[in-house]
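Welcome! Keep the picture open as you read along.

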Amino acid sequence: MNIREFYDKRKVAVVGTGMVGMSYAYAMLNQGVCDEMVLIDLNRERAEGEAMDLNHGLPFASNRMRITAGGYEECSDADIIVICAGVAQKDGETRLDLLQRNAKVLESVTKSITDSGFSGIVVVATNPVDIMTRVVQECSGFEPKRVIGTGTILDTARLRYMAGEYFSVDPRNIHGYVIGEHGDSEFVPWSQALLSTKRILDIINEHPQYHLEELEKISEQVRTSAYTIIKAKNATYYGIGMSLVRLTKAVLGNENSVLTVSAKLNGEYGQSGVYVGVPCIIGRNGIEDILEIEITENEKAKFEASCLTLRQSFDEIKNKD
């Protein structure tokens, strides 16, 4: 009897066994999120080694999980595919060159996924994530709600951690979002940020020990965190790995949780056709709904500028084809 007959169908395929992919896989094992996980990589031997290494920790795990290395044919009955594949920027290479190379990698990955007959949810982590998610959606022809980018989910976690430190409260009691591009044009709409049920801007006005300038410093630290980490250790992977697990749980558990992911807008915030980080309701069908939060005119201008940056970058790689 096939081992999957003993379980509910919770199968996840991970494409790309680099640091991000394996940080995600390791966290998935530790949290017991799924019943079956398959690792897919161009370097099959590496994927097999990673699967073996994870399997050796199974005796200490909280639940049983089948972990294997496989090919794209394994995607046919997966619930979720998480794409972490991509290439690093080379010395002397421009950002557009990197965009072009990763676009071609993801176009190839997407074709293999669609050829398998996959009918589940695709999650994209490859950077620049907003553009790469749009590449996957347009190449696959899947409904936009089925193709989700990690967007600003990690940036939002960073915001809540740093704001929690500043106000000396549990980060889980900070309710605010980072929206826009996962990159230099992202921003925090402080007009909508809350500590519990109280607006953070009101707290700033009422308590002299807190200052608006400090909020702007937090915004900058959130925006530049990746650069700081990369300078110190060459790459970021634990935070995004945990973020991917959170997103996976929301889908498999049909949680209808609000997470700031990269979604394709269709008139929301006055924008259409662009993938960008916004608060969304995430459930079994992927993006169940896009929440359009109220933002100020100044924040709208920032969001429009961020969307323009993403459109221009996407158009550049398409025009270079």
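A residue is called buried when its relative accessible area is under 20%. Keep that in mind for the first group below, and remember that this is a predicted model.

- Strand β4 covers residues 80–83, and its residues are all buried.
- Which way do the residues of β4 point? Ile80 and Val82 point one way, while Ile81 and Ile83 point the other way.
- Strand β1, made of residues 11–15, pairs with β4 in the parallel sense over four bridges.
- Within that pairing, Val14 has Val82 of β4 as its bridge partner.
- Strand β5 (residues 121–124) also runs parallel to β4, and four bridges join these strands.
- Here Val82 turns up again, standing opposite Val123 in β5.

**A sheet of three strands**

- The strands β7, β8 and β9 form an open sheet in the order β7-β8-β9, with antiparallel pairing.
- Its edge strands are β7 (174–175) and β9 (198–199), each of which pairs on one side only.
- Two bridges link β7 to β8, which spans residues 194–195, in the antiparallel sense.
- His175 is found opposite Leu194 of β8.

**Helices α1 and α8**

- Helix α1 (residues 19–31) and helix α8 (residues 238–252) have axes that come within 8 Å and cross at roughly 55°.
- The crossing of α1 with α8 is right-handed.
- On the α1 side, the contact is made by Val20, Ser23, Tyr24, Ala27, Met28 and Gln31.
- On the α8 side, the contact residues include Tyr238, Ile240, Met242 and Leu244.
- By class, this contact of α1 with α8 has nine nonpolar, four polar and one charged residues.

**Helices α5 and α7**

- The axes of helix α5 (residues 153–167) and helix α7 (residues 212–233) come within 10 Å and cross at roughly 130°.
- These two helices, α5 and α7, are therefore oblique to each other.
- Is the crossing of α5 and α7 left-handed or right-handed? The crossing is right-handed.
- From α5, the contact residues include Asp155, Arg158, Leu159 and Phe167.
- From α7, Glu214, Leu215, Ile218 and Ile229 are among them.
- The residues of the α5 and α7 contact divide into 10 nonpolar, two polar and three charged.

Notes:
Residues numbered from 1 in each chain as written. Predicted model: local features only at pLDDT ≥ 70, side-chain atom pairs only at ≥ 80, totals over all residues. Heavy atoms only, no water. Pairing = 2+ DSSP bridges. Buried < 20%, exposed > 50% of the residue type's maximum accessible area, 1.4 Å probe, protein only. Axes fitted to C-alpha atoms, helices over the stretch in contact; angles between N-to-C directions. Left-handed = near helix turned anticlockwise from the far one by under 90°. Contact = heavy atoms within 4.5 Å. Nonpolar A, V, L, I, M, F, W, Y, C, P; charged D, E, K, R; others polar. Parallel < 35°, antiparallel > 145°, perpendicular 65-115°, else oblique.
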